[in-house]
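Subject: The structure for you to look at

Hi,

Here is the structure I said I would pass on.

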Number of protein chains: 2
Amino acid sequence: MQPLIEDDLEALTRQVLHMGGLVERAVDRSLAALLERDQPLAREVIDGDAEVDRLENEIEERCLDVLALRQPVARDLRYVAGVLKINSDLERMADLAVNIAERAEVLSEVPPLPFRPDVTRLAALVKRMVRDGLDSLQRLDAGLAFRTWQADAEADRLYRELIGQAIQFMREHPERLGDVMHLVGALRNLERLADHATNIAEDVIFVVQGRIVRHHMREFAPE
Amino acid sequence: MQPLIEDDLEALTRQVLHMGGLVERAVDRSLAALLERDQPLAREVIDGDAEVDRLENEIEERCLDVLALRQPVARDLRYVAGVLKINSDLERMADLAVNIAERAEVLSEVPPLPFRPDVTRLAALVKRMVRDGLDSLQRLDAGLAFRTWQADAEADRLYRELIGQAIQFMREHPERLGDVMHLVGALRNLERLADHATNIAEDVIFVVQGRIVRHHMREFAPE
């Protein structure tokens with residue numbers, strides 16, 4: 001019996017969600033390493049990146065195989081095209097987690113900086129956005145994708161607030177300038193993680209609704 | 001007479017190169033605005049972004065149409081999948097140019113900072129990378145794509161050097177801290193532009209050679 005296109009799409013979904021799980025774990029661990037000043041954990045994130053890179057290539061090959069051999073149309077076609085783009089986003093998110101882990105390694109060797117509660121808040125929000133973005137893909141849930149997209153404004157606000165605090169602290173403690181700049185680097189990567197989660201959400205809405213909503217999100221209301 | 005798939009691919013190429021031209025222009029102008037402290041020019045970049053957003057949607061729709069109606073295989077399929085990803089990169093590059101233009105607006109209202117020669121050097125390198133990445137797409141030239149990819153190491157080096165200088169300057173001039181942080185933001189966007197040009201180069205090599213070279217670039221030697 002010939003396998004159906006549904007089987008191929010299901011296999012593709014399993015694989016991209018597996019990759020999503022690895023990326024989510026890398027993000028969570030890099031943030032724990034940053035907040036808990038945990039060098040061995042940071043090292044694990046850095047060492048784990050090769051597996052994500054390998055999976056990215058595998059998923060891209062599989063997307064092209066499905067396109068060539070199954071020639072999907074309509075929603076199935078949008079789904080494969082969406083996975084192709086989400087796959088790129090996920091790989092870049094893993095790289096951002098590695099960058100955060102590298103900053104965490106450096107920062108765990110200097111005295112603690114005083115922004116822990118606000119960094120924790122931003123980290124929790126971004127972690128939720130990453131998880132919701134992946135859940136919206138798994139369930140093809142445009143409503144959840146829309147809420148993920150909405151959360152980005154709050155992530156931007158928290159990020160800008162933290163940068164303002166960091167600048168103020170550097171003014172008062174010029175001797176900690178180098179250390180704060182490492183934290184600023186980590187925060188910037190955190191903010192970019194939120195952007196990628198937003199991109200995934202936009203792609204999910206496109207898959208489900210067949211409408212490109214990015215740049216028009218404000219006019220968009222999910223059923 | 002029915003149009004050929006070649007005609008469709010040619011139309012797609014024309015459109016993505018048109019978008020590439022707009023993005024290259026936005027990048028060049030944002031950097032000129034930053035270096036020349038030119039507020040009206042910065043404003044033009046910011047206002048021009050809507051057209052890029054529109055084109056991104058149009059190109060994505062066209063890619064899906066070609067996939068659905070033409071069902072390309074082998075190199076044609078890789079080409080359409082590559083354009084789909086390059087399209088996303090281009091749109092994000094336009095956003096980065098907007099961010100640089102916004103920093104340029106702020107920085108043109110404060111006294112000049114002393115890093116002009118090095119910023120000029122980094123800007124020139126990144127502009128070349130963007131142009132070479134697009135040229136390698138137009139000519140499907142894997143060799144040029146590889147050289148674009150190689151240039152990223154130098155962009156990273158120049159960027160890190162500049163950040164070191166910025167930290168040193170902030171130590172000596174804490175009263176200019178806020179201004180320098182705007183420049184640091186612009187530099188980071190510049191470094192990300194180089195990353196996106198590198199992504200485009202990787203996709204071009206994949207289209208031409210049918211091999212996914214990212215994460216394995218060091219083993220790669222073009223014919």
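**What I found**

Let's start in chain B, where helix H4 (residues 116-139) packs against helix H5 (residues 142-172) at an angle of about 160°, with the two axes 9 Å apart. Before going on, note that this is a predicted model: local features need pLDDT of at least 70, side-chain atom pairs count only at pLDDT 80 or more, and totals for chains, interfaces and linings use all residues. Residues are numbered from 1 along each chain as its sequence is written, while chains are lettered from A and ligands numbered from 1 in the order in which they are written.

A few terms for that pair. Helices (H or I, at least four residues) and strands (E, at least two) are DSSP runs, numbered from the N terminus. Axes are lines fitted to C-alpha atoms, for helices over the stretch in contact, and angles run from 0 to 180 degrees between N-to-C directions. Angles under 35 degrees count as roughly parallel, over 145 as roughly antiparallel, 65 to 115 as roughly perpendicular and the rest as oblique. H4(B) and H5(B) are therefore roughly antiparallel to each other. The crossing of H4(B) past H5(B) is left-handed (the near helix is turned anticlockwise from the far one by less than a right angle; clockwise would be right-handed).

Residues touching between these two helices include B:Leu122, B:Leu125 and B:Met129 of H4(B) and B:Ala151, B:Leu158 and B:Leu162 of H5(B). Here, contact means that the C-beta atoms, placed from the backbone, lie within 7 Å. Sorted by class, this contact has twelve nonpolar, four polar and seven charged residues. (Ala, Val, Leu, Ile, Met, Phe, Trp, Tyr, Cys and Pro count as nonpolar, Asp, Glu, Lys and Arg as charged, and the others, Gly among them, as polar.)

Also in chain B, H3(B) and H6(B) pack at about 170°, their axes 9 Å apart. That makes H3(B) roughly antiparallel to H6(B).

What rotation superposes chain B on chain A? It is 180°, with 0.0 Å of shift along its axis and an RMSD of 0.0 Å (least squares on the C-alpha atoms of residues with pLDDT of at least 70 in both copies). That is the relation of a two-fold axis. The same surface serves both copies, as 100% of the contact residues of chain B recur in chain A.

Each side has its share in the contact: 24 residues from chain B and 24 residues from chain A. On the chain B side, helix H2 (39-70), helix H3 (74-107), H5 and helix H6 (177-209) each supply at least two residues. That side has 13 nonpolar, five polar and six charged residues.

One helix pair spans the chains: the axes of helix H2 (residues 39-70) of chain A and H3(B) come within 11 Å and cross at roughly 125°. H2(A) and H3(B) are therefore oblique to each other. A:Leu64, A:Leu67 and A:Ala68 in H2(A) meet B:Leu77, B:Arg78 and B:Ala81 in H3(B).

**Chain A overall**

Chain A has six helices and zero strands. Its C-alpha trace spans about 70 × 40 × 20 Å along the principal axes.

Cheers
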